Amino acid sequence: MTTLTAARAAAGPDAVAHRPRVRGFTAERVFITRSFIHTIRDVDTMMMAVLLPTMLMLMFTYIFGNAIDPSGGYVDYVVPGIILLCAGFGASTTAISVSRDMSTGIIDRFRTMPLRSGAVLTGHVAVSLVRNLIATAIVIGVALLVGFRPSATPLEWLAAFGMVALYILTITYLFAAIGLAAPSPEAASGYGFILLFLPYVSSAFVPVDTMPEWLQWVAENQPITPVIETIRALLMGTPVGDSAWWAVGWCAAIIAIAAAWGAWLFRRKSGRR
Amino acid sequence: MQLAIEARGLRKAFGRTEVLAGLDLAVPAGSVFALLGPNGAGKTTTINILTTLVAPDSGTAAVMGRDLLREPAAVQQCIALTGQAAAVDEVLTARENLVMMGRLSGLARRDARLRATELIARFDLEQAADRRVATYSGGMRRRLDLALSLVVQVPVLFLDEPTTGLDTRSRQELWAVIRSLADAGTTIFLTTQYLEEADRLADRIAVLDRGRIAAEGTADELKSRVGGDVVELRDADGVLLRELPTDGSVHGLRAAIDELDRAALAGADGVQVTIRRPSLDDVFLAITADRPAAAAEASAPELIATN
C-alpha cells in the first residue's frame with residue numbers, strides 16, 4: 001500500500017458511528033458458520049472423521065470379532081461401543097480448536113464487542129455435534145455392510161440417535177472445557193487423551209462380568225456403561241433396565257459441570273495470553 | 001474539552017506483581033494519544049482494562065462518558081481494539097474475516113459483504129482477499145487486523161503496539177493509515193515502545209513507568225522538560241563516543257564540555273563535538289533514569305543520564 005492509497009483511505013465515506021448490539025442468535029449463527037468452515041478446511045480432521053469409523057468397525061469385526069465371539073455375533077454387540085469411541089475421537093478436536101482460539105488474539109477482539117463472546121464455544125460445540133453424528137452414520141453404514149442386524153423400530157432408531165447426540169454433546173462440552181483449561185493447543189490434545197480410554201473400561205467391547213472384580217466395579221459405575229447399554233437396548237432389543245435414566249442423568253450432570261467450569265475458565269482467561 | 005477516555009487511580013496486580021499503581025489518564029476526543037513505556041511497564045494491562053477485557057482492582061475509568069464497570073456494553077459499542085497478537089482468523093480468507101466481523105458488528109449480510117469489499121480495496125488486500133490469512137505476510141496481517149477494527153467506524157480506536165515487528169516500509173504505511181483515521185476524527189489510543197512512533201503520530205504522549213504516568217504532554221513539552229541541548233562527542237568515523245545533556249545555560253554547556261575533556265576523550269584525533277536538541281529518547285531516559293532496568297529494556301541509544 002502506498003502512502004497515496006492510505007491518504008485516499010482517510011477520505012473514506014464512513015462517518016463515526018456506534019457498533020450496534022447484535023440481536024437474537026446472530027452471534028451464534030456467525031460462529032457456527034465459522035467453525036463449519038474451519039472443519040471442512042481441515043483435511044486431516046475430515047479424513048479422520050470418515051476413515052476412523054470405517055477402520056475401527058472393520059478391525060473389531062474381522063480381527064477381534066471371531067476371537068471374542070466365534071459364533072459371529074460380535075458385530076451386533078460392538079456397534080454402540082464403536083459409535084462412542086469414534087464420537088470421543090471426533091469431539092477431542094474441539095479441545096484443540098478451543099485452545100487455539102484462546103491462544104490467539106481473536107478471542108480478545110470478540111470480547112471487546114457488545115456480543116455474547118461465549119458464542120464462539122457454541123459454534124465449536126454445534127459443529128462437533130454435526131460432524132460426529134455423520135461419523136455415527138458412517139459407523140452404522142459400515143456395520144450394516146459387515147453383518148450388523150439391528151431389531152430397532154424407527155422410533156427406537158430415533159431414540160438411539162438421540163442418546164448418541166446427548167453423549168456427543170456431553171463429551172464435546174467436556175473437551176471444550178479442557179481446551180479452555182489447557183495452556184496450549186498441544187497440551188489440550190494431550191489432556192483429552194485419558195477420556196478416549198473410558199469406553200474400553202465399560203461394557204462397550206466385552207461384557208463387564210468377564211473383567212476382574214475390582215475393574216467390574218469401575219466399569220459398572222462409570223458413565224459410559226449405561227450409555228452403551230441404552231443404545232444396545234434400543235438397537236438390539238436387550239433389556240434396558242434403569243440404564244436410560246442413569247445415562248441421561250450422567251450426561252446432564254457432566255454437561256452442567258463442564259459448562260460451569262468452562263464459563264469460569266472463559267472469564268478468568270480474559271485478556272491474559 | 002470533551003474527554004474520550006478518562007481514568008482515575010487505576011490499580012491492577014497479578015498475584016503479587018503490581019502492574020498498575022494508580023494510573024490517571026485524560027484523553028481529549030479526536031486526539032491521538034500515545035502511551036509510551038518499556039516492556040512490562042503496564043501498557044497492555046492499561047489497554048485491557050480500558051477495552052473491558054480485564055477489571056481493575058480499584059479506580060474508575062470511562063470511555064466516551066460511559067463507565068467501564070457499570071456499562072461495559074455501552075463502552076464496547078464505542079471502541080475497537082487491534083491487539084498485539086494479530087487478532088485474525090488464519091483459516092478464513094481476508095474477505096471472510098471482514099464479513100464475519102461485519103455480521104458481529106450488526107451489519108446485514110449484504111452490507112457486511114459490501115463493507116468487506118470496500119475495506120479490502122482501501123487496505124490494498126485485493127490480490128490476496130480470497131486466500132487464507134495463514135499465507136499472509138506480517139504487514140498484510142496487520143493491515144487486515146486494522147481493517148477488522150474499522151468495519152464499523154467507532155469513535156475510539158485502541159492500538160496495542162501496532163507496528164511492533166513490522167519492517168520500515170510496512171510501518172510507514174500503517175502510520176499513514178493511523179494519521180488519516182485521526183484526521184477523520186477518530187480518537188486513537190496507542191501504546192508503543194518506539195519513541196519515533198509517538199513523536200510522529202501522537203498529539204499527546206504519556207510516559208508510563210512502574211504503573212504510573214511519569215510525565216505527560218506534547219512531544220515539545222516533554223522535550224523542553226529535560227532542559228537544554230545535548231552535547232555529543234563523535235570519533236572520526238562518526239561513531240558516538242558519549243553524549244551529555246545540559247540545562248541549556250552557557251555554564252551548563254561548558255560544564256559538559258569540561259566533563260568530556262576530563263574523561264580525556266576529546267583530545268584524540270578527529271574527534272568532533274556537536275550540540276543537538278534533546279530527543280524523546282533523552283526525555284524517556286531522564287524520566288525513567290532512576291531505574292536502570294527500564295533504560296536497558298527500552299531500545300534507546302546508550303547515553304549518560306544525569307539527574
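Biologist: A crossing is called left-handed if the near helix is turned anticlockwise from the far one by less than a right angle, and right-handed if it is turned clockwise. Which of the two is the crossing of helix 4 of chain A and helix 10 of chain A?

Modeller: In this predicted model, helix 4 of chain A and helix 10 of chain A make a right-handed crossing.

Biologist: Where do helix 4 and helix 10 of chain A lie, and at what angle do they cross?

Modeller: Helix 4 covers residues 74-103 and helix 10 covers residues 224-236 of chain A. Their axes come within 9 Å and cross at roughly 130 degrees. Angles of 65 to 115 degrees count as roughly perpendicular and those over 145 as roughly antiparallel, so helix 4 and helix 10 of chain A are oblique to each other.

Biologist: Which residues meet there?

Modeller: From helix 4 of chain A, the contact uses A:D76, A:Y77, A:P80, A:G81 and A:L84. Helix 10 of chain A answers with A:I224, A:V227, A:I228, A:I231, A:R232 and A:M236. By class, this contact holds eight nonpolar, one polar and two charged residues.

Biologist: How does helix 7 of chain A pack against helix 10 of chain A?

Modeller: Helix 7, residues 154-181 of chain A, packs with helix 10 of chain A at an angle of about 160 degrees, their axes being 8 Å apart. Angles over 145 degrees count as roughly antiparallel, which is why that term applies to helix 7 and helix 10 of chain A. Helix 7 of chain A passes helix 10 of chain A in a left-handed crossing.

Biologist: Which residues of helix 10 of chain A meet helix 7 of chain A?

Modeller: Helix 10 of chain A contributes A:I224, A:V227, A:T230, A:I231, A:L234 and A:L235. Among their partners in helix 7 of chain A are A:W157, A:M163 and A:Y167. The contact divides into eleven nonpolar residues, one polar and one charged.

Biologist: And helix 11 of chain A: how far apart are its axis and that of helix 10 of chain A?

Modeller: The axes of helix 10 and helix 11 (residues 243-268) of chain A are 8 Å apart, at an angle of about 130 degrees. Helix 10 and helix 11 of chain A are therefore oblique to each other, and their crossing is left-handed. A:P226, A:V227, A:E229 and A:T230 in helix 10 of chain A meet residues of helix 11 of chain A including A:W246 and A:W250.

Biologist: Changing topic, how many helices and strands does chain A have?

Modeller: Chain A has eleven helices and zero strands. Its C-alpha atoms fill a box of roughly 80 × 35 × 35 Å along the principal axes.

Biologist: What is the volume of the largest pocket, and which residues lie nearest its centre?

Modeller: The volume of the largest pocket is about 520 Å³. It is lined by 25 residues, and A:H38, A:D42, A:S97, A:R100 and B:V91 lie nearest its centre.

Biologist: Which element gives the largest share of that lining?

Modeller: Helix 4 of chain A does, with six residues. By class, the lining of the largest pocket has six nonpolar, ten polar and nine charged residues.

Definitions and conventions:
Residues numbered from 1 in each chain as written. Chains lettered and ligands numbered in written order. Predicted model: local features only at pLDDT ≥ 70, side-chain atom pairs only at ≥ 80, totals over all residues. Heavy atoms only, no water. Axes fitted to C-alpha atoms, helices over the stretch in contact; angles between N-to-C directions. Helix = DSSP H or I, 4+ residues; strand = E, 2+ residues; numbered from the N terminus. Parallel < 35°, antiparallel > 145°, perpendicular 65-115°, else oblique. Contact = heavy atoms within 4.5 Å. Nonpolar A, V, L, I, M, F, W, Y, C, P; charged D, E, K, R; others polar. 1 Å grid on protein atoms, 1.4 Å probe; cavity = no way out; pocket = protein on both sides within 12 Å on 5 of 7 lines; lining within 4 Å. Points joined across faces, edges and corners; volume = space filled by probe spheres on them.
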